[in-house]
Amino acid sequence: MGRAFEFRKARKLKRWGNMAKTFTRLGKQIAIAVAEGGPEPENNSRLRAIIATCKHENMPKDNIERAIKNAAGKDKNSWKSMTYEGYGPHGIAIFVDTLTDNPTRTVADVRSIFNKFSGTLGTMGSLAYLFDHFAQFTFKKKDGLDMDEMVLDLIDYGVSDEFDEETDEETEETTITIYGDPKSFAQIQAYLEEKGLEIISAEFTYVPNDLKEVTDEQRETIDKMVEKLEDFDDVQNVYTNMK
């Protein structure tokens, strides 16, 4: 399936942590979506996508509705999306996606972990060339779905012909993940919805364009650093170019 598939298969990070942290982070994403497009899901494609993720993560309906209501009554600038990047141990590039209401606190927290592991926090954009930015959609596979036809339909939106297909051993449910141009997020989502496909998650992600080999000992150290970063409530996702 290519580079994106290899990365996801080889390096599945613990993206959400425990359930409480999951709900907290999803609540922040709801706040951002409401600030950008309003509290009505039918008029806000980004909010619909996040609600789909919430349901997949078993977030109670009351929690979702409360998060939307709270977000609608807050200052639109309460939460900011910030990305921090730098080098961790053994020259591994690390991207840290955050949602924060206090960037000063967040950058201090992130920098403390980089320092603890003898890493170097760089300036924003300094490592962008090492990662490709994608809009990532995961949906349930439908009988009769022709992926070649889908990719052709979505070619104008930058959707790659490389995709992930995974089957859950317990439920035997198959999901497909596609990658497209971040600027075409809304158009890709609209296409999937029009086709009646059940979206499980929709988000922006970074995929390394040059994976770096490490030893088992080096991997253990980098894993510890990633886990420490993910312990912070402001951190949404952590990406590395470690193979």
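Trainee: What makes strand 2 and strand 8 a pair, and in which sense do they run?
Mentor: Pairing needs at least two bridges between the strands. Strand 2 and strand 8 have five bridges, so they pass, and the sense is antiparallel. One example: Val 96 stands opposite Val 238 in strand 8. Remember that this is a predicted model.

Trainee: How do you know that strand 1 and strand 3 pair?
Mentor: Count again. Two bridges join strand 1, residues 80–87, to strand 3. The cut-off is at least two, so the pair counts. These strands run antiparallel. Tyr 87 has Thr 120 in strand 3 as its bridge partner.

Trainee: What is the order of the strands in the open sheet?
Mentor: The order is 3-1-2-8, four strands with antiparallel pairing.

Trainee: Why are strand 3 and strand 8 called edge strands?
Mentor: Strand 3 (120–121) and strand 8 (235–240) each pair on one side only. That is what the name reports.

Trainee: Strand 8 is an edge strand. Is it mostly covered or mostly open?
Mentor: Mostly covered. Six of its six residues are buried.

Trainee: What lies across strand 8?
Mentor: Helix 2, residues 19–37, lies across strand 1, strand 2 and strand 8. Its angle to strand 8 is about 100°. Helix 8, residues 216–230, lies across strand 2 and strand 8, at about 160° to strand 8.

Trainee: Which residues does Thr 106 touch?
Mentor: Leave out residues up to four places away in sequence, and Thr 106 touches Tyr 84, Thr 98, Thr 100 and Asp 234.

Trainee: Is His 56 buried, exposed or partly exposed, and how do you know?
Mentor: His 56, in helix 3, has 44% relative accessibility. Buried is under 20% and exposed is over 50%. The value falls in between, so His 56 counts as partly exposed.

Trainee: How do you know whether the protein chain agrees with a compact globule?
Mentor: Compare the radius of gyration with the rule. For 243 residues, a compact globule would have a value near 18 Å. The protein chain has 18 Å, so the two agree. The C-alpha trace spans about 50 × 45 × 35 Å along its principal axes.

Trainee: How many of the 243 residues count as buried?
Mentor: In the protein chain, 45% do.

Trainee: How many helices and strands does the protein chain have?
Mentor: It has eight helices and eight strands.

Trainee: Which helix has the lowest mean pLDDT, and which element the highest?
Mentor: Helix 1, residues 3–10, has the lowest, at 46. Helix 5, residues 103–116, has the highest, at 96. Over residues 5–17 the pLDDT is below 50. That stretch still has 38 contacts in the model beyond near neighbours in sequence.

Trainee: Why should a low value make me careful?
Mentor: Low pLDDT means the predicted coordinates should not be read in detail. For the protein chain, the average pLDDT is 88, and 91% of the residues score at least 70.

Technical notes
Residues numbered from 1 in each chain as written. Predicted model: local features only at pLDDT ≥ 70, side-chain atom pairs only at ≥ 80, totals over all residues. Heavy atoms only, no water. pLDDT = per-residue confidence, 0-100. Contact = heavy atoms within 4.5 Å. Axes fitted to C-alpha atoms, helices over the stretch in contact; angles between N-to-C directions. Rg over C-alpha atoms; globule rule 2.2 N^0.38 Å. Buried < 20%, exposed > 50% of the residue type's maximum accessible area, 1.4 Å probe, protein only.
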